[in-house]
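Okay, thanks everyone, I'll keep this short. Have a look at the structure on the screen, and then I'll walk you through a few parts of it.

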Amino acid sequence: MKSKIKKIIPFKIGKKIRGIWQRTQAVYYYGNKYECPFCGNTFRKMLPGGYDLPVIKEKQIIGAGRRANCICPRCYSTDRDRLIYLYLKNSSSIFTNQLDVIHIAPSGSLVALFSSLKNINYQSGVKYHEGFYYSKDITLIDITKLSFKDQSFDVIFCNHVLEHIHDDRKAMSELYRILRPGGWAILQVPISNILDKTYEDPNITGSKEREVYFGQFDHVRIYGKDYTNRLEESGFKIQEVKPAIEWKENNIDKYAINKEEVLFIASKD
Ligand SMILES: [Zn+2]
């Protein structure tokens, strides 16, 4: 239904309506407790986000499930986006260097940020998913068979994608192939805090079953602590950044990020 409405309302008008609604809604939330690094506004609380399923709790999947203070009432950045923003601001050269950047399955606030950076050559694309609505300016791609030449990009963002891909090892090696030596990628996935080994079963194919076993209707696995090993098998060097431990001094609570979420920074020598 939502998709049908989106198709009927021209993109520009829809964007205006959304803008007016966001501005109106944000007024109710303004305050001093939280700050969104994307739009710079401050709030007494943020919007909740995500939804709960028993498996999410049972397997302690980090960053999934219903979360308070998840979405910025003004620009709709999520806790995941804000974590990446803070990393980029503190530890990357993306705001200053000339870089070729690809963003797979782009999310709103990061797209707006990257599109505004004049120093980067930015491309975005999404993995095709039947039944979803895509605006015309988005490129659909098959992440297991990328059309880009070897070593085309300095930076790759591919967040919350690999858990949807059957042959994720193929996807990882494709990402590695298109990355330049010296380049880096952020490859976030939902990950269980208690599973040592990734749980997957190609016989679980129905939407309802996948919700029960994997925590979302279109996920094909739950990654465990071996996620890093799987990336390393493709050639990546992995640095795990743990904000709760490493960013203690920076008063990060005000940005309403999930401090349990580990950032997976993959690089290529
Ligand atoms: Zn915001």
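Before I point at anything, one cut-off: I'm calling it a salt bridge when a side-chain nitrogen of Lys or Arg sits within 4 Å of a carboxyl oxygen of Asp or Glu. And keep in mind that this is a predicted model.

So, with that, take E233 and R169. Their side chains meet in a salt bridge, 3.3 Å from N to O. E233 belongs to helix α8, residues 227-233, and R169 to helix α6, residues 168-178, so this pair ties together parts 64 residues apart in sequence. As for the surface, E233 counts as exposed at 56% relative accessibility, while R169, at 40%, is partly exposed.

How many salt bridges turn up in the whole structure? The search finds 18. Another one is D269 with K237, at 2.4 Å, N to O. That pair links distant parts of the chain too: D269 is in the segment after β15 (263-267), K237 is in strand β14, and they're 32 residues apart. D269 is exposed, at 64%, and K237 is partly exposed, at 46%.

For a local case, go to helix α7, residues 207-214. E211 and K208 are three residues apart there, so about one helical turn separates them. Their closest N and O atoms are 3.5 Å apart, and they form a salt bridge.

Okay, the sheet. It's open, with seven strands in the order β8-β7-β6-β9-β10-β15-β14, and the pairing is mixed. The edges are β8 (139-141) and β14 (237-241), each pairing on one side only. Ignoring direction, neighbouring strands are turned by 25 degrees against each other on average. Helix α5, residues 108-116, packs on this sheet and touches β6, β7 and β9; its direction makes about 155 degrees with that of β7. Inside the sheet, β9 and β10 run parallel, joined by four bridges, and F153 stands opposite L179 in β10.

Last stop, the zinc ion. Which residues hold the protein donors? It's the SG atoms of C36, C39, C72 and C75, lying 2.3 Å from the zinc ion. The site is tetrahedral, with angles of 104 to 119 degrees among the four donor atoms. Along the chain, the spacing is C-x2-C-x32-C-x2-C. C39 is in the loop between β1 and β2 and C75 in the loop between β5 and α4, so that pair ties together parts 36 residues apart. Both cysteines are partly exposed: C39 at 27%, C75 at 25%.

Note on methods:
Residues numbered from 1 in each chain as written. Predicted model: local features only at pLDDT ≥ 70, side-chain atom pairs only at ≥ 80, totals over all residues. Heavy atoms only, no water. Pairing = 2+ DSSP bridges. Helix = DSSP H or I, 4+ residues; strand = E, 2+ residues; numbered from the N terminus. Axes fitted to C-alpha atoms, helices over the stretch in contact; angles between N-to-C directions. Contact = heavy atoms within 4.5 Å. Donors = N, O, S within 2.8 Å, 3.2 Å for Na, K, Ca; no water. Tetrahedral: all angles 85-135°; square planar, octahedral: opposite > 155°, others 65-115°. Buried < 20%, exposed > 50% of the residue type's maximum accessible area, 1.4 Å probe, protein only.
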